[in-house]
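Biologist: I would like to know where the labels on a model like this come from. Could we go through them one at a time?

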Amino acid sequence: PQTEHPQTEHPLVGRFGPLVVLFALLFFVRLGSYGVVDYDEGCYAEVSRSMLVAGEWLEPSLNEEPFFEKPPLVYWAQIIGYKIFGVGPWGARILNAGAALALLFALFRFARPALGSRGAWLTAIILGTSLEYFALARVTLTDTFLSLWFVLCFGWFHRARVQFDRD
């Protein structure tokens, strides 16, 4: 008689690996093959480019005027992308697409204890394949980073609360 061996999982990724591949393809393939898609993406790209050129990481500016409409995280991410991949659409969008992938991973990890692996998979698939989320993962706007930090904060808060209730 054959005995079934439990499938070992990577402690961090677990059963999320196939989803990583799927969403990496959706979010990263041909990411830099088109130009900026709207005014906001163009503004953020230019603000980041001017910060990079000036070596100024603290004061964002657009057309040599201070530009404090958004927190600087998206600009810093674009600057890092520019430094690694060059100034262009790919460099501007790469870390935003990475944040979209990280958000799905965080959602999967936080949903799994309550919903099980299947429920967590479905949660990540439903969000990751929604048209709006897919579109936001492939442009540089502040929404993806904001959503990632909200999911991380609420997920960690929930885990801490559950642990506190157990103790």
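Modeller: What follows is a set of questions about a predicted model, each answered with a value and a rule.

Biologist: What makes up the chain, in terms of helices and strands?

Modeller: The chain has six helices and two strands. Read from the N terminus, the order is α-α-β-β-α-α-α-α. Along the principal axes, the C-alpha atoms fill a box of roughly 70 × 40 × 25 Å.

Biologist: Why is the pair of Phe110 and Trp156 called edge-to-face?

Modeller: Two rings pair if their centres lie within 6.5 Å, and planes over 60 degrees apart count as edge-to-face. The ring centres of Phe110 and Trp156 are 6.3 Å apart and the planes stand at 85 degrees, so the pair is edge-to-face. By this rule there are six aromatic pairs.

Biologist: What makes this pair a tie between parts of the chain?

Modeller: Phe110 belongs to helix α4 and Trp156 to helix α6, so the pair ties together parts 46 residues apart in sequence.

Biologist: How do you know which residues form the contact of α1 with α4?

Modeller: Contact means heavy atoms within 4.5 Å. On α1 (residues 17-28), the residues in contact include Pro18, Phe23 and Phe27. On α4, Trp90, Leu101 and Trp121 are among them. The axes of the two helices are 9 Å apart, at an angle of about 150 degrees, and the crossing is right-handed.

Biologist: How many residues of each class are in that contact of α1 with α4?

Modeller: There are 16 nonpolar, two polar and no charged residues. Phe and Trp count as nonpolar, and Phe23 and Trp90 are in this contact.

Biologist: At what angle do α2 and α3 cross?

Modeller: Helix α2 (residues 39-54) and helix α3 (residues 73-85) cross at roughly 65 degrees, and their axes come within 9 Å. This crossing is right-handed. Tyr44 and Arg49 of α2 take part in the contact, as do Trp76 and Lys83 of α3, among others. By class, the contact has 10 nonpolar, two polar and two charged residues. Arg and Lys count as charged, and Arg49 and Lys83 are in the contact.

Notes:
Residues numbered from 1 in each chain as written. Predicted model: local features only at pLDDT ≥ 70, side-chain atom pairs only at ≥ 80, totals over all residues. Heavy atoms only, no water. Axes fitted to C-alpha atoms, helices over the stretch in contact; angles between N-to-C directions. Helix = DSSP H or I, 4+ residues; strand = E, 2+ residues; numbered from the N terminus. Left-handed = near helix turned anticlockwise from the far one by under 90°. Phe/Tyr/Trp six-rings, centres within 6.5 Å; stacked < 30°, edge-to-face > 60°.
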